[in-house]
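Please keep the sequence and the model in view while reading.

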Amino acid sequence: MARSVAVTFDYRCPFAYNGNLAVINAIRAGSDIDFRFVPFSLDQVHVEEDATPMWDRDPDDWGSGMRALLYGLAVRDAFSDKFFDAHIELFAARHEHGKQLAEEDVLKEAVAAAGLDADAVAEEAWSGRPLKTLADEHTECVDNYGVFGVPTFWEDGQAAFVRFMSRGSVPDLERMLEFLTWSELNEFKRPRVPR
């Protein structure tokens with residue numbers, strides 16, 4: 001039976017870009033791991049405990065990452081054959097091109113660059129389905145795995161928040177996967193990363 005590993009994403013985080021691109025590169029190189037891409041809203045994680053969740057607010061009151069997550073989920077769930085390309089383009093819009101993810105034109109441009117009909121993706125993004133999926137999957141991350149940030153990887157109930165320093169490195173991903181379910185090490189964090 002193939003391994004099944006989930007990885008979280010929010011397009012605003014450069015480390016999520018590094019990790020998600022590594023997963024895509026591994027899949028494209030022939031990995032036999034069944035990877036699942038799961039949204040996690042950095043906007044929601046900063047909401048006060050008793051405050052209205054992001055997905056129950058008017059879009060004018062959303063943080064800057066919500067719209068991008070809706071676009072990503074629209075592609076993942078309704079245009080899945082283009083998900084990897086769109087996923088990379090949505091990350092690149094922010095981290096390579098310095099654009100603002102809260103702007104609808106930026107999101108449409110990103111999915112169009114992946115070969116998608118931007119209006120069709122926008123229609124799906126605003127259909128309500130991606131918003132419900134975001135609420136459900138974000139809540140699953142928090143309730144079942146204690147996720148607090150991106151990217152978090154999990155397998156067999158064991159979760160780890162991981163920050164890869166290099167973008168898209170399959171060898172780094174493979175090394176991390178060797179330790180993913182080893183729960184005897186709780187935290188290993190460098191005060192400084194030599195660069």
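Arg36 is partly exposed, with a relative accessible area of 35%. The term partly exposed covers the range between buried, under 20% relative accessible area, and exposed, over 50%, with a 1.4 Å probe and protein chains only.

The side chain of Arg36 meets that of Glu140 in a salt bridge, at 3.5 Å from N to O. This pair links distant parts of the chain, with Arg36 in strand S2 (residues 34–39) and Glu140 in helix H7 (residues 129–145), 104 residues apart. Glu140 is partly exposed, with a relative accessible area of 24%. A salt bridge here is a side-chain nitrogen of Lys or Arg within 4 Å of a carboxyl oxygen of Asp or Glu. Helices (H or I, at least four residues) and strands (E, at least two) are DSSP runs, numbered from the N terminus.

## Basis of the model

The model is predicted: local features need pLDDT of at least 70, side-chain atom pairs count only at pLDDT 80 or more, and totals for chains, interfaces and linings use all residues. Residues are numbered from 1 along each chain as its sequence is written, and side-chain values use heavy atoms, with hydrogens and water left out.

## Other salt bridges

Eleven salt bridges are found in a search of the whole structure. In one of them, Arg129 meets Glu124 at 2.6 Å, N to O. Glu124 is located in helix H6 (residues 118–125) and is buried, its relative accessible area being 14%. Between the C-alpha atoms of Glu124 and Ala68 the distance is 13 Å, while the two residues are 56 apart in sequence.

Arg76 and Asp77 also form a salt bridge between their side chains, at 2.7 Å from N to O. Arg76 counts as buried at 17% relative accessibility, and Asp77 counts as partly exposed at 45%.

## Helix packing

Helix H3 (residues 66–78) and helix H4 (residues 83–95) have axes that come within 9 Å and cross at roughly 165°. The two helices are therefore roughly antiparallel to each other. Helix H1 (residues 14–28) packs against H4 at an angle of about 155°, and their axes are 10 Å apart. H1 is thus roughly antiparallel to H4.

Axes are lines fitted to C-alpha atoms, for helices over the stretch in contact, and angles run from 0 to 180 degrees between N-to-C directions. Angles under 35 degrees count as roughly parallel, over 145 as roughly antiparallel, 65 to 115 as roughly perpendicular and the rest as oblique.

## Backbone features in loops

Most residues other than glycine have a negative phi, and most peptide bonds are trans. Val150 and Pro151 are joined by a cis peptide bond, with omega about -5°. Pro151 belongs to the loop between H7 and strand S3 (152–155).

Asp156 is not a glycine, yet its phi is positive, at about 50°. This residue lies in the loop between S3 and strand S4 (158–161). Asp156 is exposed, with a relative accessible area of 70%.
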